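Biologist: Could you take me through one part of this model closely? I would like to hear about the packing of a helix pair and what surrounds it.

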Amino acid sequence: MTTSAKGPASYFPSIEKKYGRPVPEWKDLIRSSTLRKHMELVSWLKAEHGLGHGHANALVAHTLAEDSGK
């Protein structure tokens with residue numbers, strides 16, 4: 001039996017399909033940014049890379065949680 005992704009990760013398949021980049025690439029972009037605050041990163045992804053709010057929010061939330069060890 002497989003389990004489906006929960007929380008922000010549940011958006012990952014649609015993010016990859018819609019924007020044509022794998023999630024690890026998006027996470028690398030987030031980590032390489034000089035921005036550190038959640039909403040600054042979300043706004044940047046929306047403005048510079050054309051992501052929708054939900055997709056940008058999911059990527060940032062997951063990346064920041066990963067980096068903080070949560």
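Modeller: Happy to! A crossing is left-handed if the near helix is turned anticlockwise from the far one by less than a right angle, and right-handed if clockwise. By that rule, α3 and α4 cross in a right-handed way. Helices here are DSSP runs (H or I, at least four residues), numbered from the N terminus. This is a predicted model, where local features need pLDDT of at least 70, side-chain atom pairs count only at pLDDT 80 or more, and totals for chains, interfaces and linings use all residues. Residues are numbered from 1 along each chain as its sequence is written, and side-chain values use heavy atoms, leaving out hydrogens and water.

Helix α3 covers residues 38-49 and helix α4 residues 53-68; they pack at about 135°, with axes 9 Å apart. Axes are lines fitted to C-alpha atoms over the stretch in contact, and angles run from 0 to 180 degrees between N-to-C directions. The two helices are therefore oblique to each other (under 35 degrees is roughly parallel, over 145 roughly antiparallel, 65 to 115 roughly perpendicular, the rest oblique).

At 26% relative accessibility, His49 is partly exposed (buried is under 20% relative accessible area, exposed over 50%, partly exposed in between, with a 1.4 Å probe and protein chains only). Not counting residues up to four places away in sequence, His49 touches Arg21, Trp26, Leu29 and Trp44. Of these, Trp26 is buried, as is Tyr19.

How values were computed: Contact = heavy atoms within 4.5 Å.
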